[in-house]
Amino acid sequence: MVLVGWLLLYLVGTLGSYAQHASLWFPPAALTLAALLVVGWRIAPMIALAIVLVTIWPVFGDPPSSSWIDSLVAGLVFSAAHLASYGLAAMALRQLARRAEHQLPLIVIDFVLVAVVGTLLASLLGPLALILSGLMDVGELAESWLAFWVGDLVAVIVLAPWLIEMLMRVTPRPGFRVRPVVAADPGWSGPFAVRLAANAVVISAAMLLAAGMGTVESAFAIFVLLLPQMWLTFSEPPTRTPIATAFNSAVVVGWLFVLDLEPFVFVYPFAVAIVATVAYFGVAIPLLARDNSRLRQSVMVDRLTGAGSREFLERQAALELRRIERSGAALSLLVIDLDRFKTINDERGHVSGDRVLAATSQAIRGVLRSGDVFARFGGDEFVALLPDTDPDIAGDVAERIRRVVREIDTDGHGPLTASIGLAESRTGDDFARLFERADRALYEAKRAGRDRLRIHTAE
């Protein structure tokens, strides 16, 4: 499949021919990178065979371009340079993907960087191989080098993501995988077809305008393609963006061939590559923001009980302490410890213990106000920060907490009780000092017996 696909893409790439041995759109480069990335080095012989076939094919022309032995050697030398360049790029992207833990947003950034460096290496080694094999003169290098790089770069950025996705779907044991891509099946819905058609209309209108006006400035109208492409990117699943960018490139190359827009051949490939890159980042940035939001959520919320985490408590406490320092309002802190909770784990098991902790968290939150800060401090210890609350009112809140805790189902273990320490904030307090006083009050409550409330009053 890769062999036949490489040969077909090579034929398509001839539509973008700019100079001898150089094309401004070279799709086989994208397939080489995708195949080496997903399938691995075992696909290299097929790619090398494809390169040799397209190299020796002109020998059978009339008149023959060179001897078949010279062409065979040239094909082997070029395939070695081509495979080395994209093999190194594939290895680098695999390593970066492992570090990114297969997360699509980070891999998008890595892919763009690898595409630039990999195609630049190929544009250096490829012509060098042709010069060494006698198929290119040194004098041609200056004329064709930039076109060689642009052709590979545009094709890799535009087509490689789509080809990577396709190969991941058909390869039994792919060496590269991006879970958000393979998990979603894009399908072909009506709205998606409409958005693709909108892209095609914009491309056609821009290129017909350039053909009619004949000015370099008119060729830049192609960048209007950013509008329908971003519409598609933000309204469709991530898997459809690579399909759209591949479709756009095919339409552009088709019009280049039909309209003979040779004076603008550098504008359109770059435009397609830029639009594709912006589209990929349009996929990556919302996903990265979502992942960051989930990470913040996991850091700020205790997953077992739904209460805030210790880090969340400390941050909110710092904000509240700064606020009351300015306003002079009261602030109270409750440290809540479940009495003899360890016996529930020992006698009923940790599953029952976890259920009791979750039920306790829910019961306590039902007592607190929406503006209060509630967190699990660790183990069976919870903390409630009560803004604008003096110790008398905080004591009433603590008593209500002790009552609701007694009503919690403990899977037959018996009534659950809680001891609570209370402290009021003072001028110059930070969270550590305030918590230390409340924790000392809790210790005194524990010493006095189970199910007690103690308010810190000592200096």
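**A colleague's note on this predicted model**

1. Let's start with a serine. Ser309 sits in the loop that runs between helix H12 (267–300) and helix H13 (310–327). Keep in mind as you look that this is a predicted model. Is Ser309 buried or exposed? It counts as buried, because its relative accessibility is 11% and the cut-off for buried is under 20%. A polar atom of the Ser309 side chain lies 3.2 Å from the backbone nitrogen of Phe312.

2. Now step back to the whole chain. You can count 17 helices and seven strands. Of the 459 residues, 50% are buried. The accessible surface is about 21800 Å², and carbon and sulfur atoms account for 62% of that. Take the contacts with a separation of 6 or more: 73% of them are between residues 24 or more positions apart.

3. Stay with H13 for a moment. Glu314 and Arg310 are both in this helix, four residues apart, which is about one turn. Their side chains meet in a salt bridge, with N to O at 3.6 Å. Glu314 is partly exposed because its relative accessible area is 36%, and Arg310 is also partly exposed, at 43% relative accessibility.

4. The next pair spans more of the sequence. Which residue does Arg376 meet in a salt bridge? The partner is Asp302, at 3.4 Å from N to O. This pair links distant parts of the chain: Arg376 belongs to strand S4 (residues 373–378), Asp302 to the loop between H12 and H13, and 74 residues separate them. Both Arg376 and Asp302 are buried.

5. Asp339 and Lys446 form another salt bridge, and their closest N and O atoms are 2.7 Å apart. Here too, distant parts of the chain are linked: Asp339 is in the loop between S3 and H14, while Lys446 is in helix H17 (residues 431–448), 107 residues apart. Asp339 is buried, as its relative accessible area is 5%. Lys446 counts as partly exposed, at 31% relative accessibility. There is also a network: Arg195, Glu236 and Arg240 are joined by salt bridges that share partners. The count of salt bridges comes to 15.

6. Two backbone angles deserve a look. Most residues other than glycine have a negative phi. Arg340 is not a glycine, yet its phi is positive, about 50°. You'll find Arg340 in the loop between S3 and helix H14 (342–348), and it counts as exposed because its relative accessibility is 58%. Asp388 is another non-glycine residue with a positive phi, near 55°. Its loop lies between strand S5 (381–387) and helix H16 (391–406), and Asp388 is partly exposed, with a relative accessible area of 45%.

7. Strand S3 (residues 331–338) and S6 run antiparallel, joined by seven bridges. What is the bridge partner of Leu333 in S6? It is Ala423. Strand S6 (residues 418–424) is mostly covered, with six of its seven residues buried.

8. Finally, helix H3 (residues 44–56). Its 13 residues reach 18 Å from the first C-alpha to the last, close to the 18 Å expected at 1.5 Å a residue. The buried residues of H3 include Ala44, Ile47, Ala48, Val52 and Ile56.

Conventions: Residues are numbered from 1 along each chain as its sequence is written. This is a predicted model: local features need pLDDT of at least 70, side-chain atom pairs count only at pLDDT 80 or more; totals for chains, interfaces and linings use all residues. Side-chain values use heavy atoms; hydrogens and water are left out. Buried means under 20% relative accessible area, exposed over 50%, partly exposed in between (1.4 Å probe, protein chains only). Helices (H or I, at least four residues) and strands (E, at least two) are DSSP runs, numbered from the N terminus. Two strands pair if DSSP finds at least two bridges between them. Contact means heavy atoms within 4.5 Å. Accessible areas come from the Shrake-Rupley method with a 1.4 Å probe; for residues, only the protein chains shown count as cover. A polar contact is a pair of N or O atoms within 3.5 Å; within protein, one must be able to donate a hydrogen and the other to accept it, and residues adjacent in sequence count only if both atoms are side-chain atoms. The expected span of a helix is 1.5 Å times one less than its number of residues. A salt bridge is a side-chain nitrogen of Lys or Arg within 4 Å of a carboxyl oxygen of Asp or Glu.
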